[in-house]
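Dear colleague,

Please find below the structure that I am handing over to you. My findings follow directly after it.

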Amino acid sequence: MEPNELCKLAIEAMAHAYAPYSGFTVGAALLCGDGTVYQGCNIENAAYSPTNCAERTAFFKAVYDGHRDFTAIAVCGGKDGVITGVFPPCGVCRQVMREFCGDDFRIYLVNAAGFETVTLAQLLPFGFRAEEHMSING
Ligand code: THU
């Protein structure tokens with residue numbers, strides 16, 4: 001799948017956001033190694049901290065369905081659904097990406113005109129990796 005198609009699916013996912021507290025809607029589209037795409041949105045909560053980000057919604061849906069191999073994710077966000085600039089994933093989402101993805105995993109940051117590409121190595125250098133510290137996953 002072309003990056004711009006994945007970005008369109010992220011924009012579509014934004015419309016599913018449940019964000020009554022911040023008004024900030026976020027959409028994500030996660031591309032699996034086999035070509036399957038999982039969309040996610042942010043899901044807020046009155047107690048605030050149980051809020052789930054769009055990226056993690058997409059990852060958790062995919063992992064539940066048995067996927068562990070991921071190629072790229074497109075992410076977009078904006079106040080009241082309007083994209084004004086790029087929206088880089090939060091630290092918690094970066095760590096969830098690190099659990100399943102390598103340095104070359106691509107993150108497409110959607111902006112009003114198109115998208116910017118960054119890698120997980122750029123977003124989370126020197127991250128905590130289970131395979132280095134806990135003798136699992138190889
Ligand atoms: N949010 C995401 O969906 N992804 C991120 O990476 C960071 C923040 C959501 C959480 C909350 O609903 C809203 O954006 C404002 O923080």
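Y108 is buried, its relative accessible area being 6%, whereas F115 is partly exposed at 32% relative accessibility. Here buried stands for under 20% relative accessible area, exposed for over 50%, and partly exposed for what lies in between, with a 1.4 Å probe and protein chains only. Please note that this is a predicted model, in which local features need pLDDT of at least 70 and side-chain atom pairs count only at pLDDT 80 or more, while totals for chains, interfaces and linings use all residues. Residues are numbered from 1 along each chain as its sequence is written, and side-chain values use heavy atoms, with hydrogens and water left out.

Aromatic pairs come next. Rings of Phe, Tyr and Trp (its six-membered ring) pair if their centres lie within 6.5 Å; planes under 30 degrees apart are called stacked, over 60 edge-to-face, and the rest tilted. The count by this rule is seven aromatic pairs. In one of them, the ring centres of F59 and F70 are 5.0 Å apart and the planes stand at 65°, so this pair is edge-to-face. It joins distant parts of the chain, as F59 belongs to helix α2 (residues 54-64) and F70 to strand β3 (residues 70-79), 11 residues apart. Helices (H or I, at least four residues) and strands (E, at least two) are DSSP runs, numbered from the N terminus. Both F59 and F70 are buried. Y108 and F115 also form an edge-to-face pair, with 5.3 Å from centre to centre and 70° between the planes.

I turn now to the ligand. Among the residues that surround the ligand are S22, F24, N42, E44, A54, F87 and C90, a residue being counted if one of its heavy atoms lies within 4 Å. An N or O atom in the side chain of E44 is 2.5 Å from an oxygen atom of the ligand. On its own the ligand has 380 Å² of accessible area, of which the protein covers 80%; the areas come from the Shrake-Rupley method with a 1.4 Å probe. Two or more residues of the shell around the ligand come from each of β1 (24-32) and α2.

Lastly, A13 is found in helix α1 (residues 3-14) and is buried, with a relative accessible area of 3%.

Yours sincerely

Key: Polar contact = N/O pair within 3.5 Å; in protein donor to acceptor, adjacent residues only side chain to side chain.
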